[in-house]
Amino acid sequence: MTLRAFESKARDVAWGFVGYERGMEQIDTLARIDADQAWAAVLRRDRAYDGRFVTGVLTTGIYCRPSCAARHPERHNVRFFADGAEARAAGLRPCKRCLPDDVARDEKAVLRAISAIKQAEETPLLADLAEKVGYSPSHFQRVFTRATGLSPAAYARALRAERAREALSTNGRVTEAIYDAGYESPSRFYEAMEGKLGMAPSAWARGGAGATIRWAVVETSLGSMLVAASGKGVCRLSFDEGPEALARRFPNAELVEGGADFAGLLQRVVAAVERPGNGHDIPLDVKGTAFQERVWAELRKIPKGETRTYAEIAAAAGNPGAVRAAGSANGANNVAVLIPCHRVIRSDGSLGGYAYGLDIKRELLAREKRV
Ligand SMILES: [Zn+2]
């Protein structure tokens, strides 16, 4: 499950490349870029738009990526082109600073490196990866990090962790899974997982075995709300859900209703739902793929009363091409409101979806605007 999510992320990168070749048609949220949107992206130096159009500057005769670090030209001297070929046909030359024609080459190089990392027994050295794709190591490190949000080494580590988690959740043989995933020893695996898995990996693999999860269903102004927490933090916040659903999610955990230890945390959670923006210090116990966890971290950075589009979240999580993957990471969020997936909307301004119904999403957004 988790490894598949990772592979679909790599596919999204590939898909972005295909889309580049076809000329900006691959993702409907990014396809219809009008001139105002394009200029706004240029002013933000938004890397998410690299490869989707180029900025031609009539006075200098040069065209750039939207994210070019050079000083911004005057708006009236700018024309937008679908790609470098169109800009060259209009008599412009590529900028030597941002190398706008290299976007496709960069994406191809990143994909080749990802596939090399996946096939390697041991983590490949940066120098070897860079040589394979024809870049200098330091330049390739930057290109790779820009595309995936992780350095090649961190990507390899994340991939290894994904494989171990995948193996754990399918066969539950902890030690074997850890060695199979390429760790030298179980202790190295637990070290790598420190701070990422609230429950021990063995507990996670067995539906929460060994973990005690406290829960309560409370009435709120948004309807009935389920709150559940492990010893590390809130692991489920949902609407219109009972303990049966929680038991299906954590079939082997010990589920305990209420309790004095839990009352204080529950009170803070309810307060954060009723008065949005107060929940930032509430501890969470959530797990997902590396990409999902980055998406969730980005969701927590959206200020209350504001919204972002799925494309913006994908870009903020380090992978502008992964709009659909960002959407499914949003949907895989276990802790509603505290990880504010309701603050993500479609690029046309419509609400998009919400696991607990659009009425709740609309109300959450409205009350955040009021306070
Ligand atoms: Zn440039």
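Visitor: Which residues coordinate the zinc ion?

Guide: Donors are N, O and S atoms within 2.8 Å of the metal (3.2 Å for Na, K and Ca); water is not among the atoms, so sites may look incomplete. Here the zinc ion is coordinated by the SG atoms of Cys64, Cys68, Cys95 and Cys98, at 2.3 to 2.5 Å. This is a predicted model, in which local features need pLDDT of at least 70, side-chain atom pairs count only at pLDDT 80 or more, and totals for chains, interfaces and linings use all residues. Residues are numbered from 1 along each chain as its sequence is written, and side-chain values use heavy atoms, with hydrogens and water left out.

Visitor: What is the geometry of the site of the zinc ion?

Guide: Ideal angles for four tetrahedral donors are 109.5 degrees. Four donors count as tetrahedral if all angles lie between 85 and 135 degrees. The site of the zinc ion has angles of 105 to 126 degrees among its 4 donor atoms and is tetrahedral.

Visitor: How are the donor residues spaced in sequence?

Guide: The spacing for the zinc ion is C-x3-C-x26-C-x2-C.

Visitor: Is Cys95 buried or exposed?

Guide: Buried means under 20% relative accessible area, exposed over 50%, partly exposed in between (1.4 Å probe, protein chains only). Both Cys95 and Cys98 are buried. Of the 371 residues in the protein chain, 51% are buried.

Visitor: How many helices and strands does the protein chain have?

Guide: Helices (H or I, at least four residues) and strands (E, at least two) are DSSP runs, numbered from the N terminus. The protein chain has 17 helices and 10 strands.

How values were computed. Four donors count as tetrahedral if all angles lie between 85 and 135 degrees; four count as square planar and six as octahedral if opposite donors are over 155 degrees apart and all others between 65 and 115; anything else is irregular.
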